[in-house]
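Dear colleague,

I am passing the structure below on to you, and my notes follow it. Please read them with the coordinates open.

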Amino acid sequence: MPAQFIPRKSGRHRIACIALYRALLEQCLRVPIPAELQPKGPIHPLKHLIRKQFRRNVREHSPRIVVAALKMGYENEKLIRTAGDGDPRSRSQIYELLRYRKNVAAASALVPQPPKPKIRYPEAIPGAPKLLEVRPLPFEKLSGPRHVPKFAKAMVSNFLRIQKPQSPYLSRVLRDKIDTRQKRTDSRERIEYLEEIAIAENTWEDIVEDHLEDEGLSVDKWNLKQPGLGWGVGLWEKDLQFADAFVRNLMTNESRKVVELSKIQLELVDKEKELWRQERGQRRHEKKQAKLEEKLLAEHNITPDLGV
């Protein structure tokens, strides 16, 4: 095999690999699996191993590894085919392999895995002033031309964009707000579902109460015999209604805060724009004055005083 040969770019090599892959998958279905080695899912364990091995070698271009993999593939195809024909020795080899892999998987499952670190983006710098408290900056504190913040709209909160790329801290804050809102939305959906169950429970109690009264029995006497159950009082959905009102108030207050904050942000943008216009006009005026002075000096052949 030439050194510059790339197997996966060769049509003949690809056809040979696909033919071997299909032959292995077709033959493995003929091998019966004992009850003790049955997988959890519907996929044949040999089919899973074949797919996994082919995925591992699909990008391989080393001639030595490719030749060894093909040789092993043809040997395994012969082994699986003879096992499907009923050869006990071939089946024993396959069962030993599956039993070994099952034991390894069971041993790995017993090893405690370290908890995955929870990724959290940077926190705010301690003591750093808020943007709305320090802007707009006075002209003396500017290191260059004034950059007007852009009012940006997000799904849960509006914000002022002052630079690109976006600050990781700002991204984390927006993501936390989205997660909080989604949790509250999920809570309301869950409460709504439970309210339907509670209403159905009250309806059922009313039906049972009617039957008790028809038979001359009393729900009040039943509650006296079973204190604390509150059966038949028709209050199954009360706590759920309180919970729904609480979550709804949280979402309403959050929306109100967003509106109030957006008004302040828009006012800040307007102030920044006005200062930017004034400073731009001042820069243009100074530039024109400098050009005019240069022109006058050039007309009178006067060398400007450079302070030397």
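**Notes on the model**

N158 is found in the loop that runs between strand 1 (150–152) and strand 2 (159–161), strands being DSSP runs of E with at least two residues and helices runs of H or I with at least four, both numbered from the N terminus. This is a predicted model, in which local features need pLDDT of at least 70 and side-chain atom pairs count only at pLDDT 80 or more, while totals for chains, interfaces and linings use all residues. Residues are numbered from 1 along each chain as its sequence is written, and side-chain values use heavy atoms, with hydrogens and water left out.

The residue N158 is buried, since its relative accessible area is 16% (buried means under 20%, exposed over 50% and partly exposed in between, with a 1.4 Å probe and protein chains only). Apart from neighbours within four places in sequence, N158 is in contact with F151, A152, K153, V258, S262 and Q265, where contact means heavy atoms within 4.5 Å.

Y100, by contrast, is exposed, with a relative accessible area of 56%, and lies in helix 4 (residues 88–110).

As for the protein chain as a whole, it holds eight helices and two strands, which follow the order α-α-α-α-α-β-β-α-α-α from the N terminus. Of its 308 residues, 19% are buried, and among contacts with a separation of 6 or more, 68% are between residues 24 or more positions apart.
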